[in-house]
Amino acid sequence: LGNPQNKLRFLHVAGTNGKGTTCALLASVLCRAGYRTGLYLSPHLSDFRERLQINGQMISHSELASLAGRVFSEIEEMKSQGEIITEFEAVTAMAFLWYADKACDLVVLEVGLGGRLDATNVIRKPLVSVITSISLDHTGILGNTVEQIALEKCGIIKEGGVTVSYPDQRPGAAEIIRKVAGERHNRLLEADLAGMEELASSLSGTELSWNGVRLHLPFLGEHQVKNAATALTVLDVLRDSGYSVPEEAVKGGFSEAVFPARFEVLSRSPLV
């Protein structure tokens with residue numbers, strides 16, 4: 001397909017928990033900052049097209065069908081040569097084609113499973129490799145210990161890059177992240193909660209202060225504060241790399257972020 005992923009710049013996000021929220025926050029802020037921002041998520045909740053978004057809008061039915069046609073002709077050719085492609089590999093190829101066709105400035109790319117052998121890991125060095133909270137998941141595939149799983153997730157860390165890690169990793173996972181980042185000569189930033197103050201929490205979300213900047217996080221749960229700190233650290237890295245991410249974009253992007261079905265309030269009376 002011409003390696004469309006090589007035309008794009010990525011924020012690559014792996015982890016057990018918090019990947020989707022972190023991705024949603026980053027994409028929302030970058031869109032508010034004026035960048036054409038692709039967002040690749042999995043799995044979807046109610047519509048398959050949720051997986052492929054640009055600036056908060058899902059891919060259209062017609063574009064999805066067109067991309068599927070382009071990719072499936074190649075898949076059939078590969079099949080005739082004995083090479084079988086999975087659904088996730090096919091959709092990832094479609095996503096890269098779409099984001100390249102639409103000339104996205106940045107793509108927030110969520111890993112499907114693991115990291116090292118994930119289809120998304122075909123990309124070159126991302127702007128930032130992001131490791132969210134790691135715990136036991138997919139143990140039949142990734143390993144039986146947090147350390148083994150962390151090693152698989154750290155497969156997204158590329159030589160000479162920058163890695164941002166969740167602020168409250170389990171000690172075994174944190175040790176592996178530091179080791180791999182060091183071996184691959186990465187600048188490692190472990191998101192720090194020192195600059196984060198939780199001001200108030202309600203069913204409407206969480207009010208935060210990040211280094212003196214007041215933010216509204218529309219998600220519920222103490223863990224979401226840590227996801228927010230991770231996303232904010234990534235945004236600091238982008239600023240260091242020359243990207244303009246104004247304070248107002250962070251405020252607006254956070255307050256407008258959407259990630260359904262995670263302690264989502266569906267009704268106030270009765271409370272659901």
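Predicted model: local features only at pLDDT ≥ 70, side-chain atom pairs only at ≥ 80, totals over all residues.
Which helix holds both Asp236 and Arg239, and how many residues apart are they? They lie in helix α7, three residues apart, about one turn of the helix.

1. The side chains of Asp236 and Arg239 meet in a salt bridge, with N and O 2.7 Å apart. An α-helix has 3.6 residues a turn, so residues three or four places apart point the same way. Asp236 is partly exposed at 30% relative accessibility, and Arg239 is partly exposed too, at 31%.

2. **The largest nonpolar core.** Helix α7 also matters for the next stop on the tour. The largest nonpolar core has 41 residues, and the members that touch the most others are Leu30, Leu235 and Phe254. Helix α7, residues 222-240, gives this core its largest share, nine residues. A second, separate core has 25 residues, including Leu67, Ile75, Val91 and Trp98.

3. **Helix α1.** Residues 19-32 make up helix α1, which has 14 residues. From its first C-alpha to its last it reaches 20 Å, close to the 20 Å expected at 1.5 Å a residue. The helix is mostly covered, with 12 of its 14 residues buried. Among the buried ones are Lys19, Cys23, Leu26 and Leu30. Their cover includes the strands β1 (10-14), β2 (37-40), β5 (106-110) and β11, along with helices α7 and α8 (247-256). After α1 comes Gly34, whose phi is positive, near 100°.

4. **A three-stranded sheet.** Next, look for the open sheet with strand order β9-β10-β11 and antiparallel pairing. Why is one side of β9 and of β11 left without a neighbour in the sheet? Both β9 (196-202) and β11 (213-217) stand at the edges and each has a single partner strand, so one side of each has no neighbour there. From one strand to the next, the twist averages 20°. β9 pairs with strand β10 (residues 205-210) in the antiparallel sense over six bridges, and Met196 stands opposite Trp210 in β10.

5. **Ser209, inside that sheet.** Is Ser209 buried or exposed? This residue of strand β10 has a relative accessible area of 13%, so it counts as buried. Not counting residues up to four places away in sequence, Ser209 touches Gly195, Met196, Glu197, Leu199 and Arg214.

6. Arg187 belongs to strand β8, residues 187-190. Its relative accessibility is 40%, so Arg187 counts as partly exposed. Arg187 and Val162 are 25 residues apart in sequence, yet their C-alpha atoms are 4.7 Å apart in space. Beyond four places in sequence, the contacts of Arg187 are Gly161, Val162, Thr163, Val237 and Asp240.

7. The structure holds 14 salt bridges. In one of them, the side chains of Asp101 and Arg70 meet at 2.8 Å, N to O. Asp101 lies in helix α3 (residues 87-101) and Arg70 in helix α2 (residues 61-80), so the pair ties together parts that are 31 residues apart in sequence. Asp101 is partly exposed, with a relative accessible area of 47%. Arg70 is also partly exposed, at 37% relative accessibility.

8. **A salt bridge from loop to helix.** Arg116 forms a salt bridge with Glu152, and their closest N and O atoms are 3.2 Å apart. Because Arg116 lies in the loop between β5 and β6 (128-131) and Glu152 in helix α5 (residues 146-153), this pair ties together parts that are 36 residues apart in sequence. Arg116 is partly exposed at 43% relative accessibility, whereas Glu152, at 14%, counts as buried.

How values were computed:
Residues numbered from 1 in each chain as written. Heavy atoms only, no water. Core = buried A, V, L, I, M, F, W, Y, C linked by side-chain atoms within 4.5 Å. Buried < 20%, exposed > 50% of the residue type's maximum accessible area, 1.4 Å probe, protein only. Helix = DSSP H or I, 4+ residues; strand = E, 2+ residues; numbered from the N terminus. Pairing = 2+ DSSP bridges. Axes fitted to C-alpha atoms, helices over the stretch in contact; angles between N-to-C directions. Expected span 1.5 Å × (residues − 1). Contact = heavy atoms within 4.5 Å. Salt bridge = Lys/Arg side-chain N within 4 Å of Asp/Glu carboxyl O.
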